[in-house]
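Hi,

Here is the structure I promised to pass on, with my notes below it. Please have a look at the model before you read on.

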Amino acid sequence: PDRLTFIRQLPKAELHVHIEGTLEPDLIFRLAQRNGVTLPYADVDALRAAYQFTNLQSFLDLYYAGAAVLLTEQDFYDMTMAYLTRIAQDGVVHTEIMFDPQTHTERGVPIADVFAGIARALREGKAKWGITSCLIMSFLRHLSEQAAFDTLDEALPLRADYADVWLGIGLDSGEQGNPPEKFERVYARCRELGFYLVAHAGEEGPADYVSGALDKLNVIRIDHGVRSEEDPALVARLAARRIPLTVCPLSNLKLKVVNDMREHNLKRLLDQGLCVTINSDDPAYFGGYLLDNYVAVAQALDLDDEDLVKLARNSMDARFPVFVSQS
Ligand code: HPA
Ligand code: ZN
């Protein structure tokens, strides 16, 4: 079979995707119209033309602006269903989805509607395509630790209703100047509560933030982590402990974490024995879903079939323990 078919038929898990980052421009416009929200763009093409990023923050500004059209339970359902429909075609068998409740509650959207809409789609997606899934509630790191505690307190009463989906806690948004230590206490609380812990680290921030996420937050997986390479002792530790990195190649290219895909360190990290996985991050903004990310790195880094099998297998091994133990 050709490359695309070969990759498509490998059982793959997506472990790093922000559901708000799957909101395609045409859906943004449809929801804006449905909700009477005025957008500062004339049409879908004008919005898409604005997707030119220079760094993480320049993307986040647009990403939060796009998310402002999400108001109702149905909106969150429609967004999540569109994502699942798309990945079902890519041979994705499992997905662990991040969402940012603070982006919505600060606009007055009830957190219960956010949970309800996303979870309804996930349950339907499992019935329809057999795609297993769960949710990682992520704190915005540019906000305070107290704001994270407040969000956790708002969400906890919903936990019993979503015990089948809400399994994880994550940390995202602007990394520089917002080190993992800032969230040490809220992570300790989430750990006591039995959540699986992950955090973005070493995307734009230094390797120290990866060590910090491991030592201070006790995460079981690192989102991005590509800058770990700057600290050889850290790389050795990640390899020895098989701490998964959820690497997002097209994201790294669009946000200029790398200037050329041929310079991406994914293959070097893989060859050093790290549990590297491929993910899409914010596919509506970065020009590709999971399969596109596999194809982009396979071409740029000249990956062979063995590498691709290893990457897909890593993604299945790096699922949360409850899913790994089920299979
Ligand atoms: N990094 C940090 N925060 C994010 C990202 C990312 O790549 N995508 C959505 N929120
Ligand atoms: Zn991310």
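First, a definition: a residue is called buried if 20 or more other C-beta atoms lie within 10 Å of its own, exposed if 12 or fewer, and partly exposed in between, with C-beta atoms placed from the backbone. By that count R242, with 12 C-beta neighbours inside 10 Å, is exposed.

A word on conventions. The model is predicted, so local features need pLDDT of at least 70 and side-chain atom pairs count only at pLDDT 80 or more, while totals for chains, interfaces and linings use all residues. Residues are numbered from 1 along each chain as its sequence is written, and chains are lettered from A and ligands numbered from 1 in the order in which they are written.

**Overall build**

The protein chain holds 17 helices and eight strands; helices (H or I, at least four residues) and strands (E, at least two) are DSSP runs, numbered from the N terminus. The radius of gyration is 18 Å, close to the 20 Å that the globule rule gives for 327 residues, so the chain is as compact as a globular protein of that length. That radius is taken over C-alpha atoms, and the rule is 2.2 Å times the number of residues to the power 0.38. The C-alpha trace spans about 50 × 45 × 40 Å along its principal axes.

Of the 327 residues, 47% are buried. Two residues are in contact if their C-beta atoms, placed from the backbone, lie within 7 Å. Among contacts with a separation of 6 or more, 77% are between residues 24 or more positions apart.

**The sheet**

In what order do the eight strands of the open sheet come? They follow β1-β2-β3-β4-β5-β6-β7-β8, with parallel pairing. The edges are β1 (12-18) and β8 (276-278), each of which pairs on one side only. From one strand to the next, the twist averages 25°. Here, two strands pair if DSSP finds at least two bridges between them. In general, strands of a sheet pair through backbone hydrogen bonds, either parallel or antiparallel.

At one end of that order, five bridges join β1 to β2 in parallel. K12 stands opposite V92 in β2, and V17 stands opposite I97 in β2. I97 in turn stands opposite L135 in β3, where β2 and β3 (residues 132-140) run parallel over six bridges. At the other end, β7 (residues 245-247) and β8 are parallel and joined by three bridges, with V247 opposite I278 in β8.

Is β1 mostly covered or open? Seven of its seven residues are buried, making β1 mostly covered. For β2 (residues 92-99), eight of the eight residues are buried, so this strand is largely enclosed by the rest of the structure. V93 belongs to β2 and is buried, with 22 other C-beta atoms within 10 Å. Leaving out residues up to four places away in sequence, V93 touches P11, K12, A13, I131 and T132.

Helix α10 (residues 207-215) lies across β5 (196-201) and β6 (221-224), and runs at about 170° to β5. For such angles, axes are lines fitted to C-alpha atoms, for helices over the stretch in contact, and values run from 0 to 180 degrees between N-to-C directions.

H224, in strand β6, has a positive phi of about 75° although it is not a glycine. H224 is buried, with 27 C-beta neighbours inside 10 Å. R242 lies in the loop between α11 (232-241) and β7, and its phi, near 50°, is also positive in a residue other than glycine.

Best wishes
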